[in-house]
Amino acid sequence: MPAPVFDPARPIKIAPSILSADFAALGAEIQAVERQGADWIHVDPMDGHFVPNLTMGPNVVAAIRPHVRTVMDVHLMIAPADPYLEAFAKAGSDVLTVHAEAGPHLDRSLQHIRELGCKAGVALNITTPLSVLAHCLDRIDLILVMTINPGFGGQKFTHAIVSKIADARAMIGERPIWLEVDGGVAPDTAGLCARAGADVLVAGSAVFRGGTEADYGRNIAALRAAAG
Ligand code: DX5
Ligand code: ZN
């Protein structure tokens, strides 16, 4: 398995969310989007408690791992997350992201993720201020700014969050922290995110719409062009 690619020379990463892929063919779907230029693969475990939807657990994540040649970016929408960090790390996560709202001890969760050998990510729901990160920035490798209420693909981008993306970029300063945006990212919103300072764009429905590999290639190219 090649090492995760955190390549600063190619600043905008397109990270297809396999939530919108064909769940009966996840391995083939991952291979198809990677052939078509996906930089990372975004994976969305949900617990039916923190968010009103159920998706996949560590066994499914481990099963898809051999198909991911880029970076497996795992966005946990589960609470509590701490009891499952080890299982998702062993499943092969490169980036492991917890929600700031998912537990009372974010600093401990972040330390644990790094101890497990993963890059540590924090996701913020729409109403959660960036200030919750002020005292743990040195433990963070990725900030995920949600532009929808998590739980489902295909929702509308929340324009009020563009200024939060810009504020997150300012907060990051020179630190080696990725700034990821998730929810409603499509050709008409990708540019707003990139100009505000995002460098990883998650997109589910905007990548997988059409359902063929040729569609995925066109969709990823359209996102990249829009992101500039
Ligand atoms: C939703 C997930 C997203 C989802 C985005 O809670 O975190 O990653 O797949 O889907 P789109 O891009 O369709 O909004
Ligand atoms: Zn996600």
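Author: In this predicted model, a polar side-chain atom of Asp44 is 2.9 Å from an oxygen atom of ligand 1, a polar contact being a pair of N or O atoms within 3.5 Å. Local features need pLDDT of at least 70 and side-chain atom pairs 80 or more, while totals for chains, interfaces and linings use all residues; side-chain values use heavy atoms, without hydrogens and water. Residues are numbered from 1 along each chain as written, with chains lettered from A and ligands numbered from 1 in written order.

Reader: What distance separates an oxygen atom of ligand 1 from an N or O atom in the side chain of Asp182?
Author: That distance is 2.8 Å. For the side chain of Ser17, the corresponding distance to a ligand 1 oxygen is 2.7 Å.

Reader: And how much of ligand 1 does the protein bury?
Author: The protein buries 100% of the 380 Å² that ligand 1 exposes when taken alone (Shrake-Rupley method, 1.4 Å probe).

Reader: Changing topic, which protein residues are donors of the zinc ion (ligand 2)?
Author: They are His42 (NE2), Asp44 (OD), His75 (ND1) and Asp182 (OD), at 2.1 to 2.3 Å. Donors are N, O and S atoms within 2.8 Å of the metal (3.2 Å for Na, K and Ca); water is not among the atoms, so sites may look incomplete.

Reader: How are they spaced along the chain?
Author: The spacing is H-x1-D-x30-H-x106-D. His42 and Asp182 link distant parts of the chain, 140 residues apart.

Reader: Are those two buried or exposed?
Author: Both His42 and Asp182 are buried, meaning under 20% relative accessible area (1.4 Å probe, protein chains only).

Notes: Helix = DSSP H or I, 4+ residues; strand = E, 2+ residues; numbered from the N terminus. Buried < 20%, exposed > 50% of the residue type's maximum accessible area, 1.4 Å probe, protein only. Polar contact = N/O pair within 3.5 Å; in protein donor to acceptor, adjacent residues only side chain to side chain.
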